[in-house]
Amino acid sequence: MERSVLDLAPEIADSAFVSELAYAVGDITVGERSSLWPFVCLRGDGGPTAVGSETNVQEFSMLHGATIGDRVTIGHNVVIDYATVEDDSLVGMSSTVQKGASSSRTVSSLRAVW
């Protein structure tokens with residue numbers, strides 16, 4: 001589901017896959033050939049959330065004010081809150097990447113809190 005907030009509407013590339021059960025609200029951009037799987041929540045209500053090209057955001061993940069690079073895999077049940085994930089990175093299942101963090105390559109799935 002896509003919704004506007006504060007007169008800002010999601011911009012999602014035509015080639016992106018967005019599950020009917022994913023939610024994108026506000027200032028959101030999703031790049032070419034990216035995918036948002038069921039129960040993904042992208043929030044752009046307190047700042048932009050950008051997902052690059054060829055990026056995979058898996059089930060139950062929430063991105064809020066995040067910048068996600070190209071060719072990134074975000075595992076199941078991940079929270080990224082006002083942080084940056086660089087190109088060609090992997091964020092493992094159940095990871096949390098918090099405000100101000102910037103990652104490159106791999107974030108552990110061992111409940112890493114940055």
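Q: What share of the contacts with a separation of 6 or more comes from residues 24 or more positions apart?
A: In this predicted model, such residues account for 2% of those contacts in the chain.

Q: And how many helices and strands are there?
A: The chain has 16 strands and zero helices.

Q: What percentage of the residues count as buried?
A: Of the 114 residues, 45% count as buried. The accessible surface of the chain is about 5800 Å², and carbon and sulfur atoms hold 52% of that surface.

Q: Which residues have the most contacts inside the largest nonpolar core?
A: They are V30, L42, L63, I68, I74 and I80, in a core of 24 residues. Strands β4 (23-30) and β6 each supply at least two residues of this core. The largest share, three residues, comes from β4.

Q: Take I74. What is I74 in contact with, leaving aside its neighbours within four places in sequence?
A: I74 is in contact with N56, V57, Q58, S61, L63, I68, I80 and V91. Among these, L63, I68 and I80 are also listed with I74 as having the most contacts inside the core.

Q: Changing topic: where is T49 found, and is T49 buried or exposed?
A: T49 is found in strand β6, which covers residues 41-51. T49 counts as buried because its relative accessibility is 0%, and buried means under 20%.

Q: Which backbone atoms does the T49 side chain reach?
A: The T49 side chain reaches the backbone nitrogen of G65 at 2.8 Å and the backbone nitrogen of A66 at 3.4 Å.

Technical notes. Residues are numbered from 1 along each chain as its sequence is written. This is a predicted model: local features need pLDDT of at least 70, side-chain atom pairs count only at pLDDT 80 or more; totals for chains, interfaces and linings use all residues. Side-chain values use heavy atoms; hydrogens and water are left out. Helices (H or I, at least four residues) and strands (E, at least two) are DSSP runs, numbered from the N terminus. Buried means under 20% relative accessible area, exposed over 50%, partly exposed in between (1.4 Å probe, protein chains only). Contact means heavy atoms within 4.5 Å. Accessible areas come from the Shrake-Rupley method with a 1.4 Å probe; for residues, only the protein chains shown count as cover. A polar contact is a pair of N or O atoms within 3.5 Å; within protein, one must be able to donate a hydrogen and the other to accept it, and residues adjacent in sequence count only if both atoms are side-chain atoms. A nonpolar core is a set of buried Ala, Val, Leu, Ile, Met, Phe, Trp, Tyr and Cys residues joined through side-chain atoms within 4.5 Å.
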